[in-house]
Amino acid sequence: MYITSGTSSLLRRASHPSSSRAGKRAFSSLSRKPASPSPSPSCNSNSYSVGHQHLRSLSFLSAARWSHGVDWKSPTSLASQIRIASAFAHTQLHRKIATMASENAFKGIFTGLPKPGGGEFGKFYSLPALNDPRIDKLPYSIRILLESAIRNCDGFQVTKADVEKIIDWEKTSPKLVEIPFKPARVLLQDFTGVPCVVDLACMRDAMNNLGSDSKKINPLVPVDLVIDHSVQVDVARSENAVQANMELEFQRNKERFAFLKWGSNAFQNMLVVPPGSGIVHQVNLEYLGRVVFNTEGVLYPDSVVGTDSHTTMIDGLGVAGWGVGGIEAEAAMLGQPMSMVLPGVVGFKLSGKLQDGVTATDLVLTVTEMLRKHGVVGKFVEFHGEGVGKISLADRATIANMSPEYGATMGFFPVDHVTLQYLKLTGRSDETVAMIEAYLRANNMFVDYSEPQQDRVYSSYLHLDLADVEPCISGPKRPHDRVPLKQMKSDWHSCLDNKVGFKGFAVPKEAQEKVVKFSFHGQPAELKHGSVVIAAITSCTNTSNPSVMLGAGLVAKKASELGLQVKPWVKTSLAPGSGVVTKYLLKSGLQKYLNQQGFNIVGYGCTTCIGNSGDLDESVGAAISENDIVAAAVLSGNRNFEGRVHPLTRANYLASPPLVVAYALAGTVDIDFEKEPIGVSKDGKDVYFRDIWPTSAEVAEVVQSSVLPDMFKSTYEAITKGNPMWNKLSVSTEKLYSWDPNSTYIHEPPYFKNMTMDPPGPHGVKDAYCLLNFGDSITTDHISPAGSINKDSPAAKFLMERGVDRKDFNSYGSRRGNDEIMARGTFANIRIVNKLLKGEVGPRTVHIPSGEKLYVFDAAMKYKSAGQNTIILAGAEYGSGSSRDWAAKGPMLLGVKAVIAKSFERIHRSNLVGMGIIPLCFKAGEDAETLGLTGHERYSIDLPSNISDIHPGQDVTVCTDDGKKFTCTARFDTEVELAYFNHGGILPYVIRQLTKQ
């Protein structure tokens with residue numbers, strides 16, 4: 001499996017005194033503030049390892065260029081910026097480059113990259129200069145890992161042995177060898193970013209309490225935080241929706257936003273993009289992605305880890321990026337190399353071309369199904385073949401975006417001519433693009449489909465003829481449950497018949513045709529099983545793709561011209577991923593037709609896809625809940641797990657934006673688009689799907705005429721100015737945060753209370769009760785607090801006790817900076833299935849000693865107050881999904897000491913270790929049922945008390961109080977993770993290491 005976590009100089013047998021000091025230069029909250037130069041740079045510094053990415057902390061000049069001012073895309077401005085620098089800083093910079101190269105074990109391949117007209121773009125570590133034939137066969141994605149290891153090879157954090165492991169990837173990857181990796185930057189969104197900044201602020205306090213320098217807690221790599229997860233669809237179907245929703249967003253989140261603005265000033269090297277700018281992954285694709293860094297004359301590939309699993313979208317641009325937990329991201333920010341298992345790479349060959357009318361969404365749902373069946377968890381997927389050259393960059397980004405849904409760490413598309421064209425389209429300068437192409441060609445990282453392709457070695461192989469892709473959607477409860485459009489009606493009826501499960505609702509035959517009539521604002525309305533009540537064009541997966549967005553506009557146009565109209569009780573919304581989308585929808589003239597169908601723009605951010613769908617009209621909600629209707633949501637998102645989109649939509653289907661419009665018009669998912677009409681035209685004729693569906697040529701024509709480079713330039717120049725509501729926020733200039741004990745948004749977490757310099761050591765488990773007993777596919781959406789706060793929940797009780805009105809509860813996501821609320825919201829999903837409840841669904845459990853049925857939080861607190869440990873039993877794929885950090889922090893705060901499962905999702909397992917929780921796997925062929933475990937037993941886990949006696953993958957004995965005994969595998973997968981466990985978690989570990997420096 002592919003593991004992400006931090007490592008340290010200690011583990012590499014090296015101790016590096018920090019040479020970075022907090023810079024005093026003040027920038028606005030939209031500027032990055034790197035550390036000021038050290039008076040005596042040292043290559044042995046943890047801050048300035050041989051990784052040239054750390055050179056940015058030597059000079060604010062490079063940072064300013066990438067702080068998103070008007071010159072950010074133009075390297076021609078670099079020379080004039082350098083002239084502004086002091087002679088001292090300039091001299092130090094060149095000394096640093098020379099020293100770094102001289103101390104690197106691969107200094108012999110550090111060479112210049114000439115410009116065609118004379119001079120050079122900069123210097124780089126040349127892979128071809130190694131003259132090793134094994135490199136020529138490496139997948140492109142592995143070459144990026146190789147270049148990073150070579151560039152950062154200091155003999156301590158990264159060794160020559162690590163480099164050799166990567167070069168010999170074909171033989172070493174099956175052995176799951178460990179390597180260190182240093183990403184070039186870190187990407188955050190506000191839901192996951194707030195707890196990261198809270199932890200950084202809390203770590204500063206801990207450093208202070210230990211008598212060390214709190215300023216050591218500072219990002220050492222560029223950190224971009226895009227506020228995009230807070231907007232909710234409160235107001236829809238209105239020309240004023242954007243402004244109204246933003247005003248509500250600021251009212252609810254003013255405290256959070258002020259905290260993030262404080263962080264952008266207090267921490268160096270951190271950029272915060274204000275609310276209303278777009279979705280983080282689309283902003284990353286269109287604006288933040290560098291493809292190649294040129295850090296004051298040193299060239300290297302862009303790479304990024306992000307606290308959102310869909311960070312993988314940037315893989316479509318040829319940038320290696322993937323999601324990690326907030327815990328690992330914090331370690332990466334603080335200069336810790338990430339320890340990862342060298343992954344296998346699945347070669348996915350594409351050939352042919354898509355048929356007319358088939359969308360990128362149809363393609364990605366097909367790819368997702370194929371890869372899910374193949375099994376790619378913990379692996380890279382690399383797309384290749386002549387078919388790749390025939391799909392657009394936006395289509396590639398759509399495929400890469402859904403890597404978490406098919407289970408891969410990355411879905412990677414190497415850079416080619418299509419990539420370069422996209423870079424120019426999005427406003428990157430010609431000189432920047434020329435530098436990117438020259439570097440990647442020189443380092444054998446560029447694919448030119450006009451030239452013969454050398455065969456590369458992959459761990460396994462898949463092939464898809466694009467001509468075989470057909471229109472489809474996925475659901476009703478999982479993104480990989482693809483349904484061809486022509487089979488949708490029959491599949492829906494099967495779902496009604498089937499027993500409750502991923503493809504079943506168990507609706508009795510006699511109730512399947514039930515019609516519920518009600519009054520919607522004075523007009524007659526009706527709902528049936530399968531009625532669409534939410535139709536949302538949302539999510540970075542699709543809103544970054546002009547072809548499907550403009551395709552949706554064309555469907556709306558054709559429908560409007562025929563006189564069709566979406567029923568008013570369907571909650572329709574359009575949430576673009578950036579302002580660019582609005583510009584091209586307006587230029588094409590299609591936005592007015594979307595408005596006519598109720599798809600007014602509601603905001604720029606993640607909405608329905610993450611559960612920010614807002615309330616349904618009370619009459620609609622009552623009709624659903626009082627009559628047990630299986631209502632449907634259709635959205636252009638990437639996640640449709642039950643309970644995520646909206647509590648009242650039990651069926652949730654992922655579809656392309658034009659299909660979202662089509663299903664909204666039909667008003668139901670219980671329809672055969674080939675045989676049944678969508679509606680009746682204004683002249684009384686039946687209108688079919690084929691009558692409103694645009695051809696590929698129609699879509700291509702409007703894309704060509706409406707999507708222009710100036711749109712990207714003007715949009716991203718504007719975000720540097722913020723917006724009036726953001727600019728009015730007043731924040732403290734202090735470097736230590738002043739915690740407000742009465743705040744229900746930002747609260748000092750208890751992670752470092754009574755922390756000492758001595759690690760606590762490993763812990764076993766003695767006579768623990770089972771807090772929860774789960775089956776398969778418990779996702780982080782089940783575990784982590786998400787969506788709205790139920791009025792009867794422990795979190796609601798906590799808020800009401802503090803004088804918060806129900807209307808001001810906001811969402812769990814908006815309150816991720818408050819551990820007291822998040823602990824109460826852990827395992828609060830209304831659809832969670834806990835075997836201890838014997839068939840009852842919901843966020844409760846049985847307190848074993850008393851037999852009481854309690855909310856999970858209340859039961860956990862009862863165990864804790866009695867001094868009793870707890871564990872969790874689970875099935876396969878425990879922890880899949882994207883709600884990362886609190887899915888591990890929450891159980892830790894509840895007192896959970898171990899999780900025993902059939903298998904774990906890679907990041908969640910790593911995060912459990914990062915919070916000091918023991919992950920154990922049943923042996924193959926065994927699980928709780930085969931072992932006769934009911935969850936009513938008490939469990940003891942025997943672990944050595946000395947960390948040196950514990951090894952990755954070690955067998956561990958578990959005993960129960962009724963005499964059962966079985967063996968599990970301890971899923972500490974690396975020595976680094978054992979170090980974290982010894983310290984009580986990754987954050988205490990990092991603090992102790994930094995305190996020693």
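This is a predicted model: local features need pLDDT of at least 70, side-chain atom pairs count only at pLDDT 80 or more; totals for chains, interfaces and linings use all residues.
Biologist: Let's start with glutamate 382. Is glutamate 382 buried or exposed, and in which strand is it found?

Modeller: Glutamate 382 is found in strand β14, residues 380-384. Its relative accessibility is 0%, so glutamate 382 counts as buried.

Biologist: What does the side chain of glutamate 382 reach?

Modeller: The side chain of glutamate 382 reaches the backbone nitrogen of tyrosine 140 at 3.0 Å. There is also a polar contact of 2.9 Å between the side chains of glutamate 382 and tyrosine 458. Beyond its neighbours within four places in sequence, glutamate 382 is in contact with residues including Pro139, Val345, Phe412 and Arg456.

Biologist: Now the aromatic rings. How is a pair of aromatic rings described?

Modeller: By the distance of the centres and the angle of the planes. Here the count comes to 30 aromatic pairs. In one of them, the ring centres of phenylalanine 124 and tyrosine 439 are 5.5 Å apart and the planes are at 80°, so this pair is edge-to-face. The pair links distant parts of the chain, as phenylalanine 124 in strand β3 and tyrosine 439 in helix α16 are 315 residues apart.

Biologist: Which residues do ring pairs link into a cluster?

Modeller: Phe259, Trp262, Phe267, Tyr737 and Trp739. Within that cluster, tryptophan 262 and phenylalanine 267 form an edge-to-face pair, 5.6 Å centre to centre with 80° between the planes.

Biologist: Where does the charged end of arginine 815 sit?

Modeller: Over the ring of tyrosine 745, 4.0 Å from its centre. Lysine 889, in turn, lies over the face of tryptophan 886, at 5.3 Å from the ring centre.

Definitions and conventions
Residues are numbered from 1 along each chain as its sequence is written. Side-chain values use heavy atoms; hydrogens and water are left out. Helices (H or I, at least four residues) and strands (E, at least two) are DSSP runs, numbered from the N terminus. Buried means under 20% relative accessible area, exposed over 50%, partly exposed in between (1.4 Å probe, protein chains only). A polar contact is a pair of N or O atoms within 3.5 Å; within protein, one must be able to donate a hydrogen and the other to accept it, and residues adjacent in sequence count only if both atoms are side-chain atoms. Contact means heavy atoms within 4.5 Å. Rings of Phe, Tyr and Trp (its six-membered ring) pair if their centres lie within 6.5 Å; planes under 30 degrees apart count as stacked, over 60 as edge-to-face and the rest as tilted. A charge sits over a ring if NZ of Lys or CZ of Arg is within 6 Å of the ring centre and within 35 degrees of the ring normal.
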